[in-house]
Amino acid sequence: MISCLPLDLAIGALLLWLGLGLSGFLLGGWPTLARRLIFPLSSVVALLLTIAGFTALTATPDNLLLRGPLPALPWSFQTDPLSGYFLILLGSLAFAVSLFSTGYFQSLPGLRLRRLLLQYHGFLLGMGLVLLANNVFTFLVAWEIMALTSYFLVVTEHEEADNRRAGFLYLLIAHLGALAILLGFVVLAGAAMAQGGPFSALLHASLSPFWASTAFLLTFFGFGAKAGLLPLHLWLPEAHPAAPAPVSALMSGAMLQMAFYGLLRVDFLCLDALAPWWGPLVLVAGLATALFGVLFAAIQTDMKRLLAYSSIENMGLILVAFGLALIFRTHGLNALAALALAAALYHALNHAFFKGLLFLGSGSVLHGTGSVAMDRLGGLIRQMPQTAFFMLLGTLAIAGLPPLNGFVSEWLLLQAFLLSPALPQSTLSAVLPLAASGVVLAVALAAYAMVKFYGITFLGQPRGARHAHEAGRWERAAMLLLSIACVFLGLFPDLLLRLLHPVLEEMLGQGLTAQPGWWWLTPISAQRASYSPVLFFLGMAATLGLSFFMIWRFFGRPLRQVAIWACGFPVRTPAMQDSPLGFAQPLLRIFAPLYPTERVEDADSRWRLRVGDPVYRGLYQPLNRIAFWLSAQVLRLQRGRITLYLLYSFLTLLILLAIWR
């Protein structure tokens with residue numbers, strides 16, 4: 001008899017989240033009780049969902065069909081290795097974020113806390129339902145729950161006009177993406193799937209090359225809108241600064257990965273006959289997104305906007321790996337496709353952990369200093385030492401430095417690129433190394449942006465916020481857990497690759513060809529490349545320890561303190577430090593055509609340089625003007641005279657009669 005434990009446990013966890021959201025809404029009259037009770041219980045439920053994900057990796061895929069009030073549209077749920085992996089991602093991140101929220105929202109008023117508790121758990125419920133959905137109806141309803149609840153979380157502080165604008169922009173792009181996904185399902189599945197058939201029936205859908213490509217483009221556009229794909233990225237740098245830090249952590253670390261899950265579920269599993277241009281299209285779009293995101297992350301002056309653009313860059317890298325997997329699969333190289341897909345899945349989990357950590361850390365900085373504007377920060381390593389240490393680990397991880405987790409997934413992706421000469425098509429074999437160089441450039445610029453992010457915020461002297469305080473124990477505990485995850489996934493990547501084996505088997509029919517041990521990471525064969533994170537870490541620790549001992553032994557005694565040399569200036573002030581835009585000045589000069597800049601005067605009567613978004617100016621502003629012009633022309637029909645309205649009705653009737661004849 002087939003065990004239903006993973007599915008039962010996952011559905012039970014989602015129902016508990018729903019119950020906690022409703023309970024929090026009812027307990028809002030006692031905000032302290034609601035906060036200290038609901039959020040810790042929510043983290044326990046997240047742990048249950050994580051356990052369900054682990055068991056789904058090895059258990060037999062199972063499904064559940066529930067008939068609702070509409071018999072033709074049943075609710076259908078399933079668990080399989082693919083959904084299990086993303087349940088682990090969602091549950092583990094939600095566990096840490098819920099712990100962090102226990103302390104973060106301690107000063108939130110009762111009425112606003114009631115709404116937030118309901119919306120927060122509705123958001124978690126929506127993402128969980130997306131992963132368990134087994135038919136089009138269930139998937140689209142779950143997708144809409146996720147979009148609407150996240151919109152309300154973005155506009156939590158709706159008194160600010162900028163926050164309302166950010167929420168509207170997010171909701172607009174989210175619904176454009178949802179409409180494209182719906183049309184893609186219509187093309188892919190037709191009337192049969194609209195009657196509630198499972199996703200497995202899509203595997204047998206017979207589509208011509210034209211309609212298959214149409215379904216692919218529609219779903220790629222729809223899921224790309226949620227993933228922040230260029231040029232649909234515009235909502236990300238607006239929504240993240242508006243949303244509370246725990247919400248930003250969930251949106252960036254988990255919700256963006258729901259889009260990647262949709263691409264894997266629909267475009268990789270259901271569209272079996274791949275066109276040869278699909279993979280290159282995804283790869284080019286992902287590479288352009290990654291480069292654009294990191295170039296604009298490097299020039300930001302707001303911590304959360306910088307992290308939002310960094311999320312665009314990381315989703316671009318995931319799409320690059322996904323596109324490379326499509327290319328290998330199209331040419332029958334499933335072993336190499338498994339390597340590229342493993343890199344994408346590994347980086348998705350990495351991104352959830354280190355971006356969640358950095359967003360939570362930015363929330364701690366906001367509570368500790370009252371600002372996330374980097375030109376008002378500095379020297380926080382002395383006032384917030386524990387937060388600074390956790391943020392350092394997150395910064396090193398997202399910069400792709402060994403032996404942390406960000407390096408492993410990027411190394412796997414580059415290994416997949418190095419094996420591209422095995423492709424039978426010479427053009428692709430010649431072009432893909434150029435794409436690999438673009439990935440290396442994006443990774444290098446990401447390290448540059450993270451040096452600016454950490455150095456200006458935590459090092460140096462305070463610029464404006466001089467009275468900071470350390471984060472609370474709940475916040476520090478959550479950041480500690482995510483820091484441990486970043487270190488663990490970096491030191492022991494083989495454990496995660498073994499968990500990925502059932503997912504790769506489901507997606508491609510085979511996993512990674514090599515069988516590495518826990519000591520070495522060997523993606524294909526030891527003769528080609530291998531990497532030992534533990535040995536690297538031990539060697540690095542020994543080198544640093546020996547260097548410190550030698551310096552202390554021969555030069556450290558007696559210690560002598562002298563004034564810092566300030567280039568000949570007798571007085572040193574915080575204003576002499578690098579500013580956020582000053583640090584990015586080389587990029588502003590090199591990529592000047594990409595950065596539309598203007599000088600603006602701030603409230604202190606000082607001139608500042610503001611960098612705009614070229615996509616907004618070049619694409620969205622003209623579309624906005626066209627929409628207003630069309631609206632003005634349509635308004636000409638409304639004159640307020642009944643005789644004109646009767647004339648319109650008469651002409652419409654004549655046209656319909658003429659067409660009917």
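Predicted model: local features only at pLDDT ≥ 70, side-chain atom pairs only at ≥ 80, totals over all residues.
Residues are numbered from 1 along each chain as its sequence is written. Local features need pLDDT of at least 70, side-chain atom pairs count only at pLDDT 80 or more, totals for chains, interfaces and linings use all residues, and side-chain values use heavy atoms, with hydrogens and water left out.

**Exercise 1. Describe how helix α5 packs on helix α9.**

Step 1. Locate the helices: α5 covers residues 136-154 and α9 covers residues 245-270. Helices here are DSSP runs (H or I, at least four residues), numbered from the N terminus.

Step 2. Take the axes, which are lines fitted to C-alpha atoms over the stretch in contact, with angles from 0 to 180 degrees between N-to-C directions. The axes of α5 and α9 come within 12 Å and cross at roughly 160°. α5 is therefore roughly antiparallel to α9 (the term applies to angles over 145 degrees).

Step 3. Assign the hand. The α5 and α9 crossing is left-handed, that is, the near helix is turned anticlockwise from the far one by less than a right angle.

Step 4. List the contact residues (contact means heavy atoms within 4.5 Å). Helix α5 supplies Trp143, Met146, Ser150, Leu153 and Val154, and helix α9 supplies Val247, Met251, Met255, Met258 and Ala259.

Step 5. Sort them by class. Ala, Val, Leu, Ile, Met, Phe, Trp, Tyr, Cys and Pro count as nonpolar, Asp, Glu, Lys and Arg as charged, and the others, Gly among them, as polar. The contact of α5 with α9 then has nine nonpolar, one polar and no charged residues.

**Exercise 2. Characterise the largest nonpolar core.**

Step 1. Apply the criterion: a nonpolar core is a set of buried Ala, Val, Leu, Ile, Met, Phe, Trp, Tyr and Cys residues joined through side-chain atoms within 4.5 Å. Buried means under 20% relative accessible area, with a 1.4 Å probe and protein chains only.

Step 2. The largest core has 214 residues, and those with the most contacts inside it are Phe86, Trp235, Phe260, Leu341, Leu345 and Phe417. Helix α12 (residues 334-369) gives the largest share, 21 residues.

Step 3. Examine Phe260. Not counting residues up to four places away in sequence, Phe260 touches Phe86, Met315, Ile318, Phe322, Ala344, Leu345 and Ala348.

**Exercise 3. Are serine 83, asparagine 405 and leucine 412 buried or exposed, and what do they contact?**

Step 1. Serine 83, in helix α3, is buried, with a relative accessible area of 0%. Neighbours within four places aside, serine 83 contacts Gln78, Leu131, Tyr261 and Arg265. The C-alpha atoms of serine 83 and arginine 265 are 9.0 Å apart, although 182 residues separate them along the chain.

Step 2. Asparagine 405 lies in helix α15 and is buried at 0%. With the same exclusion of neighbours within four places, its contacts are Tyr346, Asn350, Phe353, Phe354, Ala397, Cys486, Leu489 and Gly490.

Step 3. Leucine 412, in helix α15, is buried at 0% relative accessibility. Beyond four places in sequence, leucine 412 contacts Leu339, Ala343, Tyr346, Leu497, Leu521 and Pro523.

**Exercise 4. Where do proline 231 and proline 403 lie, and which peptide bonds are cis?**

Step 1. The bond from leucine 230 to proline 231 is cis, with omega near 5°. Proline 231 is in the loop between α7 (209-227) and α8 (236-242).

Step 2. The bond joining proline 402 and proline 403 is cis, with omega about 5°. Proline 403 is in the loop between α14 (385-398) and α15 (405-418).

Methods:
Helix = DSSP H or I, 4+ residues; strand = E, 2+ residues; numbered from the N terminus. Parallel < 35°, antiparallel > 145°, perpendicular 65-115°, else oblique. Buried < 20%, exposed > 50% of the residue type's maximum accessible area, 1.4 Å probe, protein only.
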